[in-house]
Amino acid sequence: MIEQLLKDKRLRLTSFRKEVLQVFMDNDKAIAVSDIEDALNDFDRITLYRTIKSFIEKGLIHEIVMPGDVKKLALCPTECHHEAGAHEHSHVHFQCKKCKEIFCVDVPALPKISLPNYQIDEIEIQAHGFCAGCR
Ligand SMILES: [Zn+2]
Ligand SMILES: [Zn+2]
Ligand SMILES: [Zn+2]
């Protein structure tokens, strides 16, 4: 599964990449860089940052920036190819007001929005409320 993902995104298989990707697979919520660091036993910080950067560039993961400068990372849906420099997602970023966790929630179709005089590459929808565990 993990090896196939890396292959599909034309990323060379390294045990470190597999390890980092596994951390994302183990979480159903968006995670911070510090969460990845906590999950890895032994790592080089520069290599970790490079790995994250290449994952983002290849459309394997994406960065989520929420109000308050909260930055998290999450796996991309498989249809995200990130070819035109933009991630293709049909999901909403939901942040729970209580536990503050952020989840990527799939929606069948995002509303089509067009802005005169502006070219839209990506649309991100953020939602806030309470997750199943905090409701
Ligand atoms: Zn993506
Ligand atoms: Zn919650
Ligand atoms: Zn997402």
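I began with strand β5 (residues 125–129): of its five residues, the number buried is zero, so β5 lies largely in the open. By "buried" I mean 20 or more other C-beta atoms within 10 Å of a residue's own, by "exposed" 12 or fewer, and by "partly exposed" anything in between, with C-beta atoms placed from the backbone. Strands (E, at least two residues) and helices (H or I, at least four) are DSSP runs, numbered from the N terminus.

A note on the source: this is a predicted model, where local features need pLDDT of at least 70 and side-chain atom pairs count only at pLDDT 80 or more, while totals for chains, interfaces and linings use all residues. Residues are numbered from 1 along each chain as its sequence is written.

Next I looked up the partner of β5. Strand β3 (residues 91–96) runs parallel to β5, joined by five bridges; DSSP must find at least two bridges for two strands to pair. I found Ile125 of β5 as the bridge partner of Val92.

Then I turned to α2 (15–25). Its Arg17, Val20, Leu21 and Phe24 are buried. Seen down the axis of α2, the buried residues fall within an arc of 95°, so they line one face of the helix; the arc is that of the directions from the helix axis to the C-beta atoms. On the face turned away, I noted the exposed residues Ser15 and Met25.

Last, I checked Ile61. Leaving out residues up to four places away in sequence, Ile61 touches Phe24, Phe55, Ile56, Leu73, Ala74, Leu75 and Cys76; contact means C-beta atoms, placed from the backbone, within 7 Å.

Methods: Chains lettered and ligands numbered in written order. Contact = placed C-beta atoms within 7 Å.
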